[in-house]
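The following paragraphs are intended to be read alongside the sequence and the coordinates. They proceed from individual side-chain contacts to the overall fold.

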Amino acid sequence: MARRLAASAPAAEGRSGVLKIVAALAVVLAAQALLALCLVSAQQLLVPRNMPFGVTGPPSPVVAAVASRAGLDLTSYPNESAVMDAANQGELYGAYLSEGSSDTLVVVPAKSFFAQTELEPAFLAAAHKLGRPVTVQEVAPLTSEDPIGAVTSLLLLPLLIGGYLAAVLVFKAAHGIAAAPWRAAILIGYALVGALLTDLIAGPGIGAYSSSHFWPLLPCFWLITSAVALAAAAVQALVGKLGTLLVAVLFIVIGGPPAGGLGTYLLPVYWRNIGVLLPPQSAVTLVNHVLYFDGNDISTPLVVLFLYAAAGTAVIAWFGRIRPAGRANTAGGPEPQTPPGDAPSTPGRRRAVIGMLVALGICAVMQSLFATTYMSAGHAPKASNLPFGVVGPSPVLAAAEKNISLKVTQYPNEAAAKTAMDEARVYGALVSSGGTNTLIVVPSLSDLAPLDLAVRFEEAARATGQKVKVQQYAPHPLAAKDPFGLVQALMLVPLLIGGYMSSTLLMAATGRAAGRWRAAQLAGFAVISGLVIDLIVCYWLEGFPSSKFWIVWPICSLIVAVVAFVAAILQKLLGPIGTLVTVVAMILLGNPSSGGASGVPYLPAFWRDLGPYLPPRNGYILLHHTIYFDGHGTSQALINLLIYLGVAAAVLIVLDLRRTEAKVPTDATEAAAVSVPIGAVP
């Protein structure tokens with residue numbers, strides 16, 4: 001009997017270990033799938049939906065023609081002064097003034113750059129067709145430091161993540177006592193430090209906005225970070241360790257995509273309504289209106305954020321002071337003893353204070369890195385040596401090159417230039433023949449280059465007395481539900497996160513950074529997760545043509561496997577800190593240097609040069625060019641990823657074969673909670 005029990009113990013332990021591994025990878029797969037679903041569905045199809053738009057004067061056939069096709073919510077104003085006041089206060093995305101023999105189209109770039117690119121061409125085309133002269137007037141123009149209105153979204157990243165990580169790491173440093181009475185004060189104090197760091201880095205440091213906005217934005221940043229941190233701590237008090245994961249899902253995974261940094265009324269209606277209930281959308285509105293609308297119309301976001309902060313403080317106070325005291329008084333006994341960890345002995349208190357300072361120091365570093373990397377890479381995209389084709393001589397080219405940096409290649413005819421476009425070698429071409437100029441742009445290669453090239457060449461044509469016709473060309477048209485070519489950049493985020501999360505939660509589930517079958521487990525997960533992401537984006541969300549489904553699956557799996565293997569090696573060598581190193585390499589350095597939907601030529605020099613050495617850019621190019629350019633231009637990206645995979649797999653197998661392995665004390669819930677948000681870019 002004893003022998004049977006002794007023999008069954010290892011078997012039971014083995015089954016338990018397998019169940020832990022399966023459960024951990026299932027959590028990763030669920031988080032990855034949810035993130036892909038939220039990110040892509042919220043941002044893949046940015047078009048006007050019930051967009052506030054002002055009109056004044058007699059009914060205009062131009063407005064009627066555009067409103068019948070675009071999703072505009074028309075509001076009539078009594079006169080021009082009233083409609084201009086509303087636009088200057090950030091209440092409208094645009095307006096149309098119908099006056100006598102000519103009309104005026106008012107656009108508000110600071111409200112949404114992408115809304116302007118939708119509205120302005122539509123109104124100008126309708127006015128031209130109906131024979132109505134129209135002039136365009138800008139209200140709240142964007143600055144040279146923020147030419148596409150990206151700064152607001154980029155500021156949201158460090159503020160959300162800083163507040164969330166502060167709550168998580170303080171909770172960990174306090175040994176899981178989420179509602180200690182000093183918790184609110186510490187989080188509010190850290191929020192001020194994090195806000196100051198973000199403001200210093202983004203403003204005076206990088207120059208993403210003028211120094212005159214430093215002080216008005218500081219209390220906004222403080223409020224946003226405080227609201228997130230206090231609300232997260234409150235949920236931890238209510239739910240325990242699972243609360244950290246719940247807040248990550250609510251505030252980052254679900255709340256981040258509908259934040260509306262590119263324009264709230266470009267989002268699907270259901271996402272916009274979800275966003276109203278969560279801090280990120282209020283944070284974006286608050287920052288945007290302080291930056292560009294003199295702080296007008298910020299009452300609602302202030303109320304929402306203050307309510308989150310106040311509710312969080314109240315819950316922390318209830319669990320930390322009021323409820324314990326009430327229980328003690330009801331029992332009629334002595335005053336309650338402070339729970340272990342709240343008031344330890346002097347040596348214990350010293351260790352707790354040191355642990356708290358270290359935790360908040362890590363949080364400050366991560367917040368500063370998010371403020372630095374994404375902002376420096378993306379706040380002011382400007383083309384540098386943009387590959388461009390030319391057929392025939394034209395004075396327009398020389399005039400355009402004064403305002404845009406081009407890497408020009410001469411082609412003998414239009415067919416040769418289009419072949420270069422088919423192979424993703426040029427972003428556009430100018431074809432000049434018989435006194436006519438045709439600018440051909442490739443919308444499937446970059447979301448920004450077609451607009452940038454059209455604006456620069458039209459300006460050059462006017463300056464030289466020439467005319468230029470703009471024509472779009474794409475070897476494979478963009479998917480109907482991805483008209484701006486954003487989906488592959490959005491897909492990349494859950495693929496990267498799935499990679500390092502799988503390794504992190506395996507480490508948490510097994511208590512070890514490596515194991516004999518770790519490489520095989522990660523490879524199996526990569527195959528399954530690549531399939532799940534492919535199914536969600538291709539068939540559920542229709543983010544790319546279904547004809548590419550089978551070739552996209554192995555590419556997705558390859559990206560996940562590369563990141564997972566690299567993370568496993570770093571965790572084996574560095575322990576749990578290896579996860580943070582992976583995040584820095586893949587998310588804080590790799591993702592900003594990928595080029596994304598705009599393209600590598602729009603990156604600053606540092607990020608442009610760094611990208612080829614890290615998996616994210618190679619993964620993006622392989623994914624995107626396979627879908628829309630039949631795999632042209634992917635050789636280097638594929639070779640780099642395969643080198644990463646082969647070397648990392650070999651190293652990991654060697655490390656896994658070593659029998660001596662120190663245990664890593666990591667909680668699976670905590671690992672999941674920290675891993676999800678730090679890569680979930682809103």
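In this predicted model, Asp-452 and Arg-456 form a salt bridge through their side chains, with an N to O distance of 3.3 Å. The two residues are four places apart in helix H15, and about one helical turn therefore separates them. An α-helix has 3.6 residues a turn, so residues three or four places apart point the same way. Asp-452 is buried, with a relative accessible area of 15%, whereas Arg-456 counts as partly exposed at 27%. The contact belongs to a network of salt bridges that links Asp-452, Arg-456 and Glu-459.

The structure holds seven salt bridges. Another of them joins Glu-414 to Lys-418, whose closest N and O atoms are 3.2 Å apart. These residues are likewise four apart within a helix, here H14 (residues 414-422), and are separated by about one helical turn. Glu-414 is partly exposed, at 33% relative accessibility.

A salt bridge between loops is formed by the side chains of Lys-481 and Glu-542, at 3.9 Å from N to O. Lys-481 lies in the loop between strand E10 (468-472) and helix H16 (487-510), and Glu-542 in the loop between helix H17 (518-540) and H18; the pair therefore ties together parts that are 61 residues apart in sequence. Both partners are partly exposed, Lys-481 with a relative accessible area of 35% and Glu-542 with 43%.

How does the length of helix H18 agree with its number of residues? At 1.5 Å a residue, its 26 residues (549-574) should span 38 Å, and the end C-alpha atoms are 37 Å apart, which agrees. Because 19 of the 26 residues are buried, H18 is largely enclosed by the rest of the structure. Just after this helix, Gly-575 takes a positive phi of about 80°. An aromatic cluster is formed by Tyr-539, Phe-549, Trp-550 and Trp-553.

Across the whole structure, a search finds 14 aromatic pairs. One of them, Phe-251 with Tyr-308, is edge-to-face, with 5.7 Å between the centres and 85° between the planes. Phe-251 lies in helix H8 (residues 241-254) and Tyr-308 in helix H11 (residues 299-331), so this pair ties together parts that are 57 residues apart in sequence. Phe-251 is buried, with a relative accessible area of 5%, while Tyr-308 is partly exposed at 21%. By contrast, Phe-388 and Phe-457 are stacked, at 5.2 Å centre to centre and 20° between the planes. This pair links distant parts of the chain, with Phe-388 in strand E6 (residues 386-391) and Phe-457 in helix H15 (residues 449-463), 69 residues apart. Phe-388 and Phe-457 are both buried.

Leu-238, Val-239, Leu-242, Leu-246 and Leu-250 make a nonpolar surface patch of about 420 Å². Helices H7 (214-239) and H8 each give two or more residues to the patch, and H8 supplies the largest share, three residues.

Elsewhere, Thr-152 lies in helix H5 (residues 151-173) and is buried, with a relative accessible area of 3%. Beyond residues up to four places away in sequence, Thr-152 touches Val-284, Val-287, Asn-288 and Leu-291.

Taken as a whole, the protein has 23 helices and ten strands. Of its 682 residues, 54% count as buried. Among contacts between residues at least 6 apart in sequence, 73% join residues at least 24 apart. The protein exposes about 27700 Å², of which carbon and sulfur atoms supply 64%.

Terms used. Residues numbered from 1 in each chain as written. Predicted model: local features only at pLDDT ≥ 70, side-chain atom pairs only at ≥ 80, totals over all residues. Heavy atoms only, no water. Expected span 1.5 Å × (residues − 1). Buried < 20%, exposed > 50% of the residue type's maximum accessible area, 1.4 Å probe, protein only. Phe/Tyr/Trp six-rings, centres within 6.5 Å; stacked < 30°, edge-to-face > 60°. Patch = residues over 30% accessible without salt bridge, like charges linked within 9 Å, V, L, I, M, F, W, Y side chains within 5 Å. Areas by Shrake-Rupley, 256 points an atom, 1.4 Å probe, with all protein chains shown as cover. Salt bridge = Lys/Arg side-chain N within 4 Å of Asp/Glu carboxyl O. Contact = heavy atoms within 4.5 Å.
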